[in-house]
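This report describes a few local features of one structure. The sequence and the structure come first.

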Amino acid sequence: MKIILTSSFDPVSEREMEYIRQYRKTHRLRDLWLSVDEAGSLDHAIRVRLLKKAAGYDRRLHVCETPEKGEAIKPLDEESIRKGLYRLAARGIRKDLITQGYYLDETARAMCNPHRYEHSKSVAMTAVKLAQAHHMDTQKAYVMGMLHDITKAFSDEENERIIRLYKPEWLTLSPKVWHSYTAVIFAKQNMSLSDPDIAYAMEHHTIGDGKTDYAALLYIADKIEPLRGYDVSKQTASAMKNLKKAAFEIREESKAYILKTEGIHV
Ligand SMILES: [Fe+2]
Ligand SMILES: [Fe+2]
């Protein structure tokens, strides 16, 4: 008899994989089929592909290509994963979630206030446009845009606690830039972020002192995204031509503005 377990697998979690393996052993089954429910936040075909990858080399686990009827299992940890705890996803798929940018929209929505969430999406879209113009990786641009302010809603106390724990040398920096660093720590610890281009660009997005093209790209996208509400046509035209030059110009303008309004040299 063909035994099928069904769930949303949106996405499949490590605890679900443990349950599935245990189920096969307990019921002394030679083969076990898994079916992905139609409804889900991520496309059905992508969830099927991720489930196949999570099942890996276990030749006794089979994944149905289309939804089939079977015994429904309760989703475990899936909602937490969709809100940014990618470390709870099945071992084989954690990297796919972050590199493909899956669930970043839900994560940003869960971790940011509505204004910050809209800003993050707008930065991500602006970063993608700049990446296209400069033949850079649009997927990386999208991920860094969505993640750059992910810890901005944390209190100063919380950001300070994280920095004291992991990078105490950064405590001398202004609290205004702390979220640049804690966003990277959060993404590395909870979302399996390991791309050095993305991490570096995120760390330098507030001050704009990064030396790479991706750092310039994210710094600019953060400053010129359309929801900012001021005229950025000059800066946008400049960024379409030369990222580093545009980042330098924007940084100089920003320094002059802070000197004028706050009387501080930065
Ligand atoms: Fe920021
Ligand atoms: Fe931002």
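Asn-190 has 19 other C-beta atoms within 10 Å, so Asn-190 is partly exposed. The model discussed here is predicted.

Asn-190 belongs to helix H9, which covers residues 175-191. Leaving aside residues up to four places away in sequence, Asn-190 touches Gly-84, Leu-85, Tyr-86 and Arg-87. Tyr-86 is 104 residues from Asn-190 in sequence, yet the C-alpha atoms of the two are 5.8 Å apart in space.

H9 is also part of what covers the buried residues of helix H10, together with H7 and H11. Those buried residues of H10 (residues 196-203) are Ile-198, Ala-199, Ala-201, Met-202 and Glu-203.

H7 also packs against helix H6. Two packed helices are described by the angle between their axes and the distance between the axes. The values for this pair are as follows.

| Helix pair | Angle | Distance between axes |
|---|---|---|
| H6 (residues 114-133) and H7 (138-147) | about 155 degrees | 7 Å |

Because of this angle, H6 is roughly antiparallel to H7. The crossing of H6 past H7 is right-handed. On the H6 side, the residues that meet H7 include Ser-120, Val-123, Ala-124 and Ala-127. On the H7 side, those that meet H6 include Thr-138, Ala-141, Tyr-142 and Met-144. The residues of this contact comprise 10 nonpolar, four polar and no charged.

Terms used:
Residues are numbered from 1 along each chain as its sequence is written. Chains are lettered from A and ligands numbered from 1 in the order in which they are written. This is a predicted model: local features need pLDDT of at least 70, side-chain atom pairs count only at pLDDT 80 or more; totals for chains, interfaces and linings use all residues. Helices (H or I, at least four residues) and strands (E, at least two) are DSSP runs, numbered from the N terminus. A residue is buried if 20 or more other C-beta atoms lie within 10 Å of its own, exposed if 12 or fewer, and partly exposed in between; C-beta atoms are placed from the backbone. Two residues are in contact if their C-beta atoms, placed from the backbone, lie within 7 Å. Axes are lines fitted to C-alpha atoms, for helices over the stretch in contact, and angles run from 0 to 180 degrees between N-to-C directions. Angles under 35 degrees count as roughly parallel, over 145 as roughly antiparallel, 65 to 115 as roughly perpendicular and the rest as oblique. A crossing is left-handed if the near helix is turned anticlockwise from the far one by less than a right angle, and right-handed if clockwise. Ala, Val, Leu, Ile, Met, Phe, Trp, Tyr, Cys and Pro count as nonpolar, Asp, Glu, Lys and Arg as charged, and the others, Gly among them, as polar.
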